[in-house]
Amino acid sequence: MPQVPLKTAVGAISGTSMDGIDVSLVETDGDLAVRPGPGRTYPYAPELRAELLDLLRDPAIAETDPLAGLEARVSDAHADAVLAFLRDFAIDKARVDVVGLHGQTVWHRPEKRFTRQLGDGPRMARRIGLDVVNRFRHADVAAGGEGAPFAPLYHRALAATLPQPVMVLNLGGVGNVTYIDGDTVIAFDTGPASALLDDFVLKRLGKPFDEGGRLAASGAPDAAMVARLMRHPYFDRPAPKSLDRNDFHAWAEAVQSLGDAEGAATLAAFTVASAADALRHVPRAPLRWLVTGGGRLNATFMRLLAERLGVPVDPVEAVGWNGDFIEAQCFGYLAVRSLAGLPLSLPTTTGAPKPMRGGELWKAA
Ligand SMILES: Nc1ncnc2c1ncn2[C@@H]1O[C@H](COP(=O)(O)OP(=O)(O)OP(=O)(O)O)[C@@H](O)[C@H]1O
Ligand SMILES: CC(=O)N[C@H]1[C@@H]2OC[C@@H](O2)[C@@H](O)[C@@H]1O[C@H](C)C(=O)O
């Protein structure tokens, strides 16, 4: 087979937990050949993070979009992170074909055909002197797709040589799955992942998250409450479907009536029940689940998932992937696909009416 030369891409994303900017490198032909490189997280300055979190508390602001000042600072933070990454790993700029700038999602309302990621492409391209692709989700949302999740095609490339069907579960702020069985790729957001538990633990203990899932492990879940939480209409909606970070907060308010350990255990059980519920939306039971995102470090999530699913459930490191940087690599990979005119999403991953191209290119000079 003729070898298509691999492109070198750098991806940058700040996820829904807004803790910092993940940057990683990937070499790829834009199809199934992917060679992930190193990655590093560059934390936001505390004031910038606080401002972003404030914005989320009043998300209607994001919809009206008077965000130019904040967007400039978020973009510069991404530019500085990419430059630091190149320095830290001694990567010659001349080797990098393109930078995929996902940026920071602040408001995602596909039903209004609206999604907003802070991340100014031209500003970043000028600042780092490299070509930048951004606005990955916009064409999909404009065409009536969910605009998320976008990692599935990258998951498919990573999983190409694994026994299938296999399920990749990302436990970030929100949970999302990719079911892969040859050319069948089905994806959707499953429900809450760490966002509910993070906010609960912050309120109760003043800590940013439940380290190792220890608080959740120390209590017993309120099974009746978990069953009630699972009656949310989102779970019966057919896939594909997507969520905003805070979509379950009001719904899960009853958890506030529980003690610290019991409340954390109940939220962990709810997260796991919602992830397992994904089985209703895929054609065959996966042989194995591979878990990525920060939630894979929550031992309570992992234990409950294995008990519930009855098939191997492993962190993605078990197959040699780096669960901290799959999303950053994904947007480097999608930048290469964007340049090649290949689709970034499929009807079975976002519900768009056809395979959708996307992304906008901003030249360095
Ligand atoms: N050691 C740990 N123990 C338990 N949970 C952890 C640990 N480290 C990280 N997490 C959880 O992972 C979350 C962050 O996950 P991740 O970085 O994958 O999210 P994100 O990329 O911001 O979100 P999304 O994928 O929704 O955009 C933290 O908020 C925390 O809840
Ligand atoms: C709109 C948006 O930024 N969504 C994120 C979020 O975080 C996890 C989940 O919700 C997923 O749908 C998505 O991110 C990953 C990178 C994705 O698009 O696959």
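Here is a short chat about two residues and a ligand in this predicted model.

Visitor: What makes Lys-207 count as exposed?

Guide: Lys-207 has 12 C-beta neighbours inside 10 Å. The cut-off for exposed is 12 or fewer, so Lys-207 gets that label.

Visitor: Where is Lys-207, and which residues does Lys-207 touch?

Guide: Look in the loop between helix H7 (194-205) and helix H8 (214-217). Leaving out residues up to four places away in sequence, Lys-207 touches Val-201 and Leu-202. As for Arg-123, it sits 84 residues from Lys-207 in sequence, and their C-alpha atoms are 35 Å apart.

Visitor: Why is Trp-251 called partly exposed?

Guide: Count the other C-beta atoms within 10 Å of Trp-251 and you get 17. Buried takes 20 or more and exposed takes 12 or fewer, so with 17 Trp-251 falls in between and is partly exposed.

Visitor: And where do I find Trp-251?

Guide: Trp-251 is in the loop between helix H9 (223-229) and helix H10 (260-276). Neighbours within four places in sequence aside, its contacts are Leu-229 and His-232. Arg-228 is 23 residues away along the chain, with 9.8 Å between the two C-alpha atoms.

Visitor: How do you know that ligand 1 lies between domain 1 and domain 2?

Guide: Domain 1 (7-146 + 332-362) and domain 2 (152-319) both give residues to the shell around ligand 1, so the ligand lies between them.

Visitor: What is in that shell?

Guide: There are 20 residues around ligand 1, and the closest are Gly-15, Gly-172, Ser-194, Gly-293 and Gly-294. By class, you have 13 polar, four charged and three nonpolar residues.

How values were computed: Residues are numbered from 1 along each chain as its sequence is written. Chains are lettered from A and ligands numbered from 1 in the order in which they are written. This is a predicted model: local features need pLDDT of at least 70, side-chain atom pairs count only at pLDDT 80 or more; totals for chains, interfaces and linings use all residues. Helices (H or I, at least four residues) and strands (E, at least two) are DSSP runs, numbered from the N terminus. Two residues are in contact if their C-beta atoms, placed from the backbone, lie within 7 Å. A residue is near a molecule or strand if its C-beta atom, placed from the backbone, lies within 6 Å of it. Ala, Val, Leu, Ile, Met, Phe, Trp, Tyr, Cys and Pro count as nonpolar, Asp, Glu, Lys and Arg as charged, and the others, Gly among them, as polar. Domain bounds come from an automatic or database domain assignment.
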